[in-house]
Amino acid sequence: MTGGELLIASVLDGVCGDPRGLPHPVRMMGRCIAWLDHRVRNTCRSHTSLRVAGICLAGGLPVMTYCLGAVIIQEAEHFAGWLGSALSIGLASTTLAARDLWDHVRAVDDPLQAGDLPAARRAVAMIVGRDTAELSESEVARATVETVAESAADGVIAPLFYLAIGGAPLALAYKAVNTLDSMIGHRDERYADLGWASARLDDLVNWMPARLSAVLLLLGAGLITQQIERIHNGWRVLKRDGSLHPSPNSGRPEAAMAGILGIRLGGTNFYDGIAQDRPILGAEGRSAEPRDMTLAATIMVAASVLGVILAVGIKWLV
């Protein structure tokens, strides 16, 4: 993949996002994982067999996805060079989610601005895994900001990182790892064995992109707000609180965003009625407000643009 193709793919994502009526590789991966989950549980009963099956799944699906993507693009190039390029651009754009994330924030913010908290709760339920039926306005805002920060890393910067070093096939393989983690990489009783390898692999492939994302969010905040104190505060909270999160990666962009906005992130969330306490990031900050969602999304867009510039620059230099 050339730098020009990567740039076009990024623009395509920004303009079109994720058209729901068209086939999407990540949705196909999700259906495949759900089918394999069902099949594995009909065969594997012991903790050991589930752990082995999980290791095979964590390694097999990304490798298969990479090979399939590479073969499809190569065959298209043999037929016509322009077709291979177009297919590479199209597949690359499906790994990026900046426009989709922006649209989700708008879907939460619009009903909040209209005073329709139940509609905002339903909208935020589309992008978070926690219970949302009883969330206050501030909790809806917090959930949205946390999702924006985390998704800036795994939905935009990480795919750009892998597009820069390995083109569309490697970015698709990354999305396979990320989808596996989101579907089965949980620490509950059902997935403790089957999802263990997927969760550990996701931690590994997101280590560098998460930290890069935190830095790009800080730079994006400087560009958007023109307030150097936001960068200073974001960096301070990132260094102090970035490692507090249970995830070795998610806490970095979330802590940076908490410091940038001057708000508290983390705290108590409910999952299927069960409370889970997360460390507070930016404990000295105020409670999140609806206006923070729009600013967080705008900073995410700025960080994404910086990420595109960096990725395209790497392609052109290498």
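This is a predicted model: local features need pLDDT of at least 70, side-chain atom pairs count only at pLDDT 80 or more; totals for chains, interfaces and linings use all residues.
Residues are numbered from 1 along each chain as its sequence is written, and side-chain values use heavy atoms, with hydrogens and water left out. Local features need pLDDT of at least 70 and side-chain atom pairs pLDDT 80 or more, whereas totals for chains, interfaces and linings use all residues.

Helices (H or I, at least four residues) and strands (E, at least two) are DSSP runs, numbered from the N terminus. Helix 1 covers residues 3-16. Its 14 residues reach 20 Å from the first C-alpha to the last. This is close to the 20 Å expected at 1.5 Å a residue, the expected span being 1.5 Å times one less than the number of residues. G3, E5, L6, A9, S10 and D13 of helix 1 are buried. Buried means under 20% relative accessible area, exposed over 50% and partly exposed in between (1.4 Å probe, protein chains only). An α-helix has 3.6 residues a turn, so residues three or four places apart point the same way. The buried residues of helix 1 pack against helix 4, helix 5 (98-113), helix 7 and helix 12 (290-317). Just after helix 1, G17 takes a positive phi of about 65 degrees.

Helix 4 (residues 81-94) packs on helix 7 at about 85 degrees, with the axes 9 Å apart. Axes are lines fitted to C-alpha atoms, for helices over the stretch in contact, and angles run from 0 to 180 degrees between N-to-C directions. The two helices are therefore roughly perpendicular (65 to 115 degrees). Helix 4 contributes S88, L91, A92 and T94 to the contact, and helix 7 contributes L163, A168 and L172. Contact means heavy atoms within 4.5 Å.

Helix 7 (residues 137-184) also holds E150. E150 is partly exposed, at 31% relative accessible area. Not counting residues up to four places away in sequence, E150 touches S250 and E254. E150 and M257 are 107 residues apart in sequence, yet their C-alpha atoms are 9.5 Å apart.

Q226 is exposed, at 64%. D272 lies between strand 1 (265-271) and strand 2 (274-281).

Methods:
Angles under 35 degrees count as roughly parallel, over 145 as roughly antiparallel, 65 to 115 as roughly perpendicular and the rest as oblique.
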